[in-house]
Amino acid sequence: MSDVLLVVVDAANVVGSVPDGWWRDRRGAAERLRDRLAADGVPGRDGPVEIVLVVEGAARGVESVPGVRVESAPGSGDDHMVELVAGVGGGRPVLVVTADRELRRRVSELGAEVAGPRTVRP
C-alpha cells in the first residue's frame with residue numbers, strides 16, 4: 001500500500017466548514033461525513049485511496065466503515081493528524097484535508113499535500 005494515496009481528513013474542520021447545525025450533533029455530523037466519504041471517496045482522485053477520518057471531542061467513538069477508517073484522537077486532533085503523517089514512510093503520497101492554517105503548515109513540512117474542505121464536502 002506504499003503507493004496508495006493516504007487521505008487524512010480533519011473531521012471537525014470539514015464538518016465545521018458548513019453552518020448546517022452540526023454543532024447540535026457533532027457525532028452525527030461526523031458520521032454523515034464518514035458515510036459520504038465511504039460512498040463518494042475523494043472526488044478528482046483517480047486510483048485507490050486509503051481514507052482516515054480523524055475525530056475528536058464529542059465525535060470520539062464514531063465507528064469505521066468499509067472504505068473509511070475512523071481514528072479517535074486521544075487528545076488534539078491536529079497533533080494526531082501530524083503523527084499519522086509523520087508515521088508514513090517510503091515516500092507514500094499523503095493528502096490532508098483541512099482549512100486549519102497551522103495544521104496545513106505542520107503537515108506540509110512533513111511532505112504532505114494539503115487541500116481544503118471542499119475537496120470532500122461540496
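Select strand β2, residues 49–55, together with β3. Five bridges join the two, and they run parallel. Strands here are DSSP E runs of at least two residues, helices are H or I runs of at least four, and both are numbered from the N terminus. Two strands count as paired if DSSP finds at least two bridges between them.

The model is predicted: local features need pLDDT of at least 70, side-chain atom pairs count only at pLDDT 80 or more, and totals for chains, interfaces and linings use all residues. Residues are numbered from 1 along each chain as its sequence is written, and side-chain values use heavy atoms, with hydrogens and water left out.

**The whole sheet**

Five strands make an open sheet with parallel pairing, in the order β3-β2-β1-β4-β5. Its edges are β3 (68–72) and β5 (113–115), each pairing on one side only. Neighbouring strands are turned by 25 degrees against each other on average, direction ignored. Axes are lines fitted to C-alpha atoms, for helices over the stretch in contact, and angles run from 0 to 180 degrees between N-to-C directions.

Move to β4 (94–97). β1 and β4 pair in the parallel sense over four bridges, with Val9 opposite Val97. On the other pairing, β4 and β5 are parallel over three bridges. There, the bridge partner of Leu95 is Glu113.

Show the β4 side chains. Which way do they point? Val94 and Val96 go one way, Leu95 and Val97 the other, and all are buried. Buried means under 20% relative accessible area, exposed over 50%, and partly exposed in between, with a 1.4 Å probe and protein chains only. In a regular strand, side chains alternate between the two faces of the sheet.

**Helices on the sheet**

Select helix α2, residues 26–40. The helix lies across β1 (5–10), β2 and β3, at about 175 degrees to β2.

Next, take α3, residues 77–86. Seven of its 10 residues are buried, so this helix is largely enclosed by the rest of the structure. Colour Gly77, Asp78, His80, Met81, Val82, Leu84 and Val85 to see the buried ones. Their cover includes β1, β2, β3, β4 and α4 (101–109). At the helix start, a side-chain oxygen of Ser76 comes within 3.2 Å of the backbone nitrogen of Asp78.

Centre on His80, in α3. His80 counts as buried at 13% relative accessibility. Leaving out residues up to four places away in sequence, His80 touches Val54, Glu71, Ala73 and Pro74. Contact means heavy atoms within 4.5 Å.

**Before β1**

Jump to Val4, in the segment before β1. Is Val4 buried or exposed? Val4 is buried, at 12% relative accessible area. Beyond neighbours within four places in sequence, its contacts are Pro48, Val49, Glu50, Arg92 and Pro93. Check one distance: the C-alpha atoms of Val4 and Gly47 are 7.9 Å apart, though 43 residues separate them along the chain.

**Last stop: the pocket**

Select Ala11, Ala12, Val15, Trp22, Arg26, Ala30, Val55, Glu56, Gly57, Ala58 and Ala59, which line the largest pocket. A pocket is an open set of points on a 1 Å grid over the protein atoms alone, where a 1.4 Å probe fits, with protein on both sides within 12 Å along at least five of seven lines; lining residues have an atom within 4 Å of a point. α1 (11–15) and α2 are the elements that give two or more residues to this lining. α1 gives the most, with three.

How values were computed
A polar contact is a pair of N or O atoms within 3.5 Å; within protein, one must be able to donate a hydrogen and the other to accept it, and residues adjacent in sequence count only if both atoms are side-chain atoms.
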